[in-house]
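Colleague: Please take one part of this model and go through it closely. I would like the criteria stated along with the values.

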Amino acid sequence: MTSRRGGNKRPPRGFGHWGQVVAAHAVLITYTVIALFPVLLVILNSFKSRRAIFRNPFELPNSSNFDTVGYQTVFEGANFLLYFRNSLIVTIVALLLILLVSSMAAFALAEYDFPGNALMGLYLAVGIMIPIRLGTVSILRLLVGIELVDTLMGLILVYLASGIPLAVFILTQFMATVPQALKDAARIDGASEYRIYALVLPLIRPALGTVAVFNMIPIWNDLWFPLILTGTERAKTVILGAQIFLGQYISDWNAVLASLTLAMLPVVILYIVFSRQLIRGLTSGAVK
Amino acid sequence: MPPRRRKPFPFHILVFLTPAVLIYTIFMVYPLIDSLRLGLFSLNDTGREVFVGLDNYRTLLTSDLWAPRLWNAIRNNFVLFAIHMSVQNPIGLLLAALLSSQIIRGRALFRTLIFTPTILSVVLIGFSWRLILSPLWGIAKDILGIFGLESLYRPWLGLESSALVAISLISVWQYVGVPMLLFLAALLGIPDELIEAARIDGATGWGVFWRIKFPLILPTVGIVATLTFVGNFNAFDLIYTTQGALAGPNFSTDILGTFFFRTFFGIQLQLGNPTMGATIAGVMFLIILAGVLLYLFGWQRRLQRIEL
């Protein structure tokens, strides 16, 4: 406390300060360009003719180079609408089930003091750090055994199981913050334990959002399980469909760029709409 | 004495716990354990499983057919991890430090834009970079040309010497948003009074960061390192997408994930070998477990002691 500057909270703002401000913005702008450039390059070129893609890759699409031949090839060559439907069903159903069963388990762990409570919490938490992929050989055998291989249900069950550990962990912490008086008041009014669970659920909506965000992107983007667990068209997801299509059409640049764009755009649009909630969810989950 | 009133058996606890525990046990815990068990078995000529103890592990670690592939994959995995630790996480920390600073305008916008690649599928990212780095399109060459460095261009993904580094950097580019957000959350959680106190004591921005903020976010550093480790030793998609299941050229980008996939699923004319695949998954399990335990007992314990 010897070198205290009387009353001055911050060092005086001189030339050095403005240098710092400019340099900091320059770093961020540069990195933002690096992060977005490849994505924009693919999206913009997908709307151009083959000649324009190679001649002037950095040019924006305009009336002289506009061409949607790539999109026509994609819609003729692949069942993208079916893949989209499959991906949507798998992601939404898996997410809803993760939220339902995890919040129920989290409620039990946070609310009741039963023997083995801590052990059960630990058992469910072990799966946070161990990737489910390591059990793939047995998962395939299991699903073949119960005839769920090559079905959307098989994928949903696998994503559901792998989503439970982190979801229970996060939700238990939030459940514990719900005031006890509230639940006791409901009990005195004669509410059943199930009713109290239904009462608590809306109170931890932000936590449910966080859990949904944590699971949504990895499930939608997963390649591994669709690759191994689905064989025919009927259960292919967008990402697997794109992977196969891209492999087959690799020399048709219009089709490749168009299919990349088609697979990217829905996620990018959703991200633009929900980015605020998504990032807040990720950071609040991270603090926990 | 009246008989003690017994509480009714708490069925509702069972109802709440059963769905999650059952599904988690059947579709995650059981397969993981069964897979470890399968690594101790081998299929004989009639297709029946025979217990062989640690023979599969011995074959994997020592035979001329398997050992070179395994060690190559493990080595490549460590290179991948080293590049993420030395490039991705410092860049993530730098971006987080900038984004947590009051002098930046439009912090939310920068944060959102920089995180964009992270939300996209690895398949799409992999193919996009394959196109950009391709000599056919020439984008990478053109960009180097802007800086007069055209002669430095090589088809990096196609060369044995550079493919793994190129793949690692693509992955760094995609996932830098994750450490950035984790570090940012930790930095924003530091109480302002601490920072103000340090400034009043005459500390500069640089000093405040390394002497006050960085020690306070050490727990996050440990979490980021562990997540990076688990993610890298579990990686597969990017290499499968850009280099194919054979992880070319000449296995130079082969990691445990692709080695596991080829062995268990089979490729081209080679039939899949589930028991040997399970053995490789067993090796991956042990490596990941070692990493996680090192974090829990090495890093966290030490931090707790410092706090006390």
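Predicted model: local features only at pLDDT ≥ 70, side-chain atom pairs only at ≥ 80, totals over all residues.

Modeller: Residues are numbered from 1 along each chain as its sequence is written, while chains are lettered from A and ligands numbered from 1 in the order in which they are written.

Chain B contains 14 helices and two strands; helices (H or I, at least four residues) and strands (E, at least two) are DSSP runs, numbered from the N terminus. The C-alpha trace of chain B spans about 90 × 75 × 35 Å along its principal axes. Its radius of gyration, taken over C-alpha atoms, is 25 Å, whereas a compact globule of 308 residues would have one near 19 Å; that rule is 2.2 Å times the number of residues to the power 0.38. Of the 308 residues in chain B, 38% are buried, a label that requires 20 or more other C-beta atoms within 10 Å of the residue's own, with C-beta atoms placed from the backbone.

Within chain B, helix 3 (residues 67-99) packs against helix 11 (residues 218-233) at an angle of about 145°, with axes 10 Å apart. Axes are lines fitted to C-alpha atoms, for helices over the stretch in contact, and angles run from 0 to 180 degrees between N-to-C directions. On the helix 3 side of chain B, the contact includes B:N77, B:L80 and B:F81, and on the helix 11 side B:V224, B:A225 and B:T228; contact means C-beta atoms, placed from the backbone, within 7 Å. The residues of this contact comprise seven nonpolar, five polar and no charged. Nonpolar covers Ala, Val, Leu, Ile, Met, Phe, Trp, Tyr, Cys and Pro, charged covers Asp, Glu, Lys and Arg, and the others, Gly among them, are polar.

At one place, helix 6 (residues 136-145) of chain A and helix 1 (residues 11-38) of chain B have axes that come within 7 Å and cross at roughly 115°. The two helices are therefore roughly perpendicular, the term for 65 to 115 degrees. Here A:V137, A:S138, A:I139 and A:L142 meet B:F27, B:P31, B:D34, B:S35 and B:L38.

Technical notes. Buried ≥ 20, exposed ≤ 12 C-beta atoms within 10 Å, placed from the backbone. Contact = placed C-beta atoms within 7 Å. Parallel < 35°, antiparallel > 145°, perpendicular 65-115°, else oblique.
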